[in-house]
Amino acid sequence: MTAILEQKYLTGVDHFDADHAVMIATIDELANSISADHVNILLEKLIGNWILHMMEEESFMLKHRIPMIEHHISDHSKFLNLLKRMKWGLDDKTLVIDSHLINLLKYTALNHIQYEDVQYGEFYRNHVVNRKM
């Protein structure tokens with residue numbers, strides 16, 4: 001399942017836009033989950049997808065010398081820590097994952113995409129792609 005992202009969330013790098021759509025769809029699926037087991041499976045999927053996406057995106061940024069990578073890596077780590085804390089809290093039954101927490105998760109992801117990832121897409125198009133032409 002994938003979500004359809006609004007234009008303001010598109011980086012212009014198709015592979016990463018597709019990753020973002022899958023992750024947002026997984027968060028949306030979390031919002032509709034009613035069993036703790038299903039939420040657990042979705043969180044594991046989201047964590048795995050996020051780790052793979054982080055590695056690919058950060059490698060891409062290094063390869064193309066996209067500025068502000070340190071800040072980007074820091075944002076990635078914070079989001080991964082949020083996901084892991086949610087998973088641990090669910091596992092040890094100290095956290096109830098409700099709509100407020102899922103909305104925070106989605107807001108955090110979309111905010112990162114819109115204000116961080118879209119910037120590297122612009123830089124890539126303006127400084128890397130145009131230089132090759």
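Is Glu44 buried or exposed, or partly exposed? Glu44 is partly exposed, with a relative accessible area of 46%; buried means under 20%, exposed over 50% and partly exposed in between, using a 1.4 Å probe and protein chains only.

1. Basis of the note. This is a predicted model, in which local features need pLDDT of at least 70 and side-chain atom pairs count only at pLDDT 80 or more, while totals for chains, interfaces and linings use all residues. Residues are numbered from 1 along each chain as its sequence is written, and side-chain values use heavy atoms, with hydrogens and water left out.

2. Salt bridges. The structure holds 4 salt bridges, each being a side-chain nitrogen of Lys or Arg within 4 Å of a carboxyl oxygen of Asp or Glu. One of them pairs Asp28 with Lys106, with 2.6 Å between the closest N and O atoms. This pair links distant parts of the chain, 78 residues apart: Asp28 lies in helix α1 (residues 14-31) and Lys106 in helix α4 (residues 99-132). Helices are DSSP runs (H or I, at least four residues), numbered from the N terminus.

3. Lys87 and its partners. Lys87 is buried, at a relative accessible area of 10%. Its side chain meets that of Glu44 in a salt bridge (3.4 Å, N to O), which links helix α3 (residues 69-91) to helix α2 across 43 residues. Lys87 also forms a salt bridge with Asp91, the closest N and O atoms being 2.8 Å apart. Because Lys87 and Asp91 are 4 residues apart in helix α3, about one helical turn separates them. Shared partners join Glu44, Lys87 and Asp91 into one network.

How values were computed
Helices (H or I, at least four residues) and strands (E, at least two) are DSSP runs, numbered from the N terminus.
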